[in-house]
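These are my notebook entries on one structure. I record what I looked up, with each criterion stated at first use.

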Amino acid sequence: DNPIFPTEGTLFRLTHEFAGLGGNVGFFKSEAEVQINVPLSEDISVQGSLQAGLMRPANDQSKTLTISDRFFLGGPLNIRGFDLRGVGPQSQGNALGGTNF
């Protein structure tokens with residue numbers, strides 16, 4: 001009913017990304033999101049959401065994955081209570097990102 005602050009209804013979003021037609025970076029990346037909003041009263045509603053992602057390198061062995069293309073979790077918008085990019089593999093305190101979540 002409202003794209004910014006919904007009070008009822010559902011959302012299903014599926015995105016795909018492909019890189020590798022040129023350059024040295026190549027991957028297939030898919031993300032899915034499901035969101036459900038249930039009104040409890042006129043002014044109160046409950047929202048629940050799930051997200052998942054998967055990234056695989058392209059079949060071409062000359063292609064690589066860069067750190068900026070990886071998934072990062074943590075922070076107030078996806079996993080509260082953790083630092084921004086604080087969930088997942090790290091090296092010397094720096095987030096490395098992941099290929100699925």
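**Entry 1**

In what order do the three strands of the open sheet run, and is their pairing parallel or antiparallel? I found the order 1-2-3, with antiparallel pairing. Strand 1 and strand 3 are the edge strands, since each pairs on one side only. On average, neighbouring strands of this sheet are turned by 10° against each other, direction ignored. For that angle, axes are lines fitted to C-alpha atoms (for helices over the stretch in contact), and angles run from 0 to 180 degrees between N-to-C directions.

I note the basis before going further. This is a predicted model, in which local features need pLDDT of at least 70 and side-chain atom pairs count only at pLDDT 80 or more, while totals for chains, interfaces and linings use all residues. Residues are numbered from 1 along each chain as its sequence is written, and side-chain values use heavy atoms, with hydrogens and water left out.

Strands are DSSP runs (E, at least two residues; helices are H or I, at least four), numbered from the N terminus. Two strands pair if DSSP finds at least two bridges between them.

**Entry 2. Strand pairs**

I looked up the bridges pair by pair. Strand 1 and strand 2 are joined in the antiparallel sense over 11 bridges. In this pair, threonine 15 has glutamate 31 of strand 2 as its bridge partner, and arginine 13 has glutamate 33 of strand 2.

Strand 2 and strand 3 pair, also in the antiparallel sense, over 13 bridges. Here asparagine 37 stands opposite glutamine 47 in strand 3.

I then took a distance from glycine 9, which lies in strand 1. The C-alpha atoms of glycine 9 and isoleucine 36 are separated by 6.1 Å, although these residues are 27 apart along the chain. Glycine 9 counts as partly exposed because its relative accessibility is 36%. The classes are buried under 20% relative accessible area, exposed over 50% and partly exposed in between (1.4 Å probe, protein chains only).

**Entry 3. Salt bridge**

How many salt bridges does the rule give? The count is one. The rule asks for a side-chain nitrogen of Lys or Arg within 4 Å of a carboxyl oxygen of Asp or Glu. The pair is arginine 13 with glutamate 33, whose closest N and O atoms are 3.4 Å apart. Arginine 13 belongs to strand 1 and glutamate 33 to strand 2, so the pair ties together parts that are 20 residues apart in sequence. I classed arginine 13 as partly exposed because its relative accessible area is 43%, and glutamate 33 as buried because its value is 15%.

**Entry 4. Nonpolar patch**

Which residues form the nonpolar patch on the surface? I list Phe12, Leu14, Val34, Ile36, Val38, Leu40, Ile44, Val46 and Leu50, with about 870 Å² of accessible area together. Patches are made of residues with over 30% relative accessible area and no salt bridge; like charges are joined within 9 Å, and nonpolar side chains (Val, Leu, Ile, Met, Phe, Trp, Tyr) within 5 Å. Accessible areas come from the Shrake-Rupley method with a 1.4 Å probe, and for residues only the protein chains shown count as cover.

Strand 1 (9–19), strand 2 (27–39) and strand 3 (45–57) each supply at least two residues of the patch. Strand 2 gives the most, with three. Valine 38 is placed in strand 2 and is partly exposed because its relative accessibility is 44%.

**Entry 5. Asparagine 2**

Asparagine 2 lies in the segment before strand 1. A polar atom of its side chain is 2.9 Å from the backbone nitrogen of isoleucine 4, and the side chain of asparagine 2 also reaches the backbone nitrogen of phenylalanine 5 at 3.2 Å. I classed asparagine 2 as partly exposed because its relative accessibility is 34%. Its C-alpha atom is separated by 15 Å from that of phenylalanine 12, 10 residues apart along the chain.

**Entry 6. Positive phi**

Most residues other than glycine have a negative phi. I therefore noted arginine 85, which is not a glycine and has a positive phi of about 60°, and which counts as partly exposed at 46% relative accessibility. Arginine 85 sits in the loop between strand 3 and strand 4 (90–91).

Glutamine 92 has a positive phi near 55°. Its place is in the loop between strand 4 and strand 5 (94–95), and it counts as exposed because its relative accessibility is 80%.

Technical notes:
Polar contact = N/O pair within 3.5 Å; in protein donor to acceptor, adjacent residues only side chain to side chain.
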